[in-house]
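Biologist: Could you walk me through a few features, one at a time? I'd like to learn how to read them.

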Amino acid sequence: MDPNSAVFLIAALLFGIVLLTVALILFVTLGIQLVTSRFLPIDLSAGNLVSFLKDLPTSAGQLQKAYDWNISQWSNFGTTLLTGTLGFITTCLVAFYKGEIKHLTITMLVGVAAALCLYLKSQIEINKLKNQFMYWYSLLSKIYTLRTSP
Amino acid sequence: MEGVLQYLIYTFIAIVLFALVTIFVAERKRKRTALAADASLMGDLTALSESLKGPEPALRISYSELLDRVVDRLSASPFPVDLYTKDAERRAVMENKLIGILRTPTSERGSDPEKTGGPTPPVFESPPGGFRRPGGPSALSGPEMQAPVVWIWHYDPSTGKPAWHSYGPRFGFDFRTQSQKEEEKG
């Protein structure tokens with residue numbers, strides 16, 4: 001395929017638009033998450049934990065919902081990132097065929113490595129949230145049984 | 001075209017690197033906050049545990065009152081859930097403290113003074129001529145006090161507090177030993 005053909009240029013532009021959109025979504029998602037976590041912390045207090053015992057079935061359901069939401073946020077973030085990375089690789093390949101950018105291989109490797117690190121972080125975060133939920137729930141159940149035990 | 005491709009490639013790398021750096025900085029900050037929260041929570045749990053052993057016997061409060069007290073005291077203590085998820089030792093310490101507090105004997109949970117740490121049984125004085133009820137205004141005499149009496153620590157609905165109550169043979173207690181019963185039968 002001729003790198004200067006119209007089809008090639010249109011395809012490259014389309015991939016570029018996809019990449020830019022994904023990158024913007026990534027930026028907005030992450031930005032909002034960071035801003036809200038900094039200014040509106042959602043960490044629960046130990047008092048909340050004890051107050052959950054007053055109605056454990058409802059509290060456990062709400063807690064699970066909150067963790068499900070958090071996990072799905074990180075999961076969406078990881079998926080978006082992978083899509084963006086594919087767009088990035090495609091754009092790099094287009095640039096490679098056109099031979100327009102210097103040090104393209106290193107640039108591509110740095111971009112892919114950074115994206116994979118971020119993806120790894122998102123997966124670690126998902127596992128951490130799963131563990132946290134299990135820990136919260138088992139602690140609540142353990143304490144709740146004290147109510148009936150002598 | 002050259003400019004667009006360059007722009008897209010470098011924008012992507014910049015955003016991903018920015019995200020990585022921001023997340024790791026936030027993680028470090030979160031760890032420091034978690035350590036401070038851990039110290040604060042442990043202090044609060046210890047203080048709460050001590051306050052429940054105070055002059056007012058814990059037996060006099062209900063379980064829901066106990067929960068309210070714990071919630072009030074700990075409502076300002078952030079719970080470092082990250083730290084406890086990772087560190088099993090810290091988790092065990094915190095759980096033991098919290099469970100110890102929530103196991104504080106309450107009026108709804110029965111009341112064995114030996115197990116619950118309630119007041120010690122009253123000391124009987126035995127002056128010549130009869131027994132004196134502990135704290136009673138005068139020595140009691142007559143058949144009621146000559147008979148053995150059993151003292152039971154239980155919750156009194158009329159006063160809302162637990163207290164010692166005496167029960168004698170008129171309440172159906174049979175103080176005879178097995179050998180005495182067999183002798184009477186024989």
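Biologist: Which residues is Ala115(A) in contact with, leaving aside its neighbours within four places in sequence?

Modeller: Contact means heavy atoms within 4.5 Å. By that rule, Ala115(A) touches Leu81(A) and Thr85(A), plus Phe12(B) and Val16(B). Bear in mind that this is a predicted model: local features need pLDDT of at least 70, side-chain atom pairs count only at pLDDT 80 or more, and totals for chains, interfaces and linings use all residues. Residues are numbered from 1 along each chain as its sequence is written, chains are lettered from A and ligands numbered from 1 in the order in which they are written, and side-chain values use heavy atoms, leaving out hydrogens and water.

Biologist: Is Ala115(A) buried or exposed?

Modeller: Buried means under 20% relative accessible area, exposed over 50%, partly exposed in between (1.4 Å probe, protein chains only). Ala115(A) has 1%, so it's buried.

Biologist: And which residues are buried in α2(B)?

Modeller: General idea first: an α-helix has 3.6 residues a turn, so residues three or four places apart point the same way. In α2(B), the buried ones are Tyr63(B), Leu66(B), Leu67(B), Val70(B), Val71(B) and Leu74(B). They cover an arc of only 135 degrees around the axis (taken from the directions from the helix axis to the C-beta atoms), so they sit on the same side of α2(B).

Biologist: Where in chain B does pLDDT stay under 50?

Modeller: pLDDT is the predictor's confidence in each residue, from 0 to 100. Where it is low, the predicted coordinates should not be read in detail. Here that's residues 115-139 of chain B. Chain B as a whole has a mean pLDDT of 69.

Key:
Helices (H or I, at least four residues) and strands (E, at least two) are DSSP runs, numbered from the N terminus.
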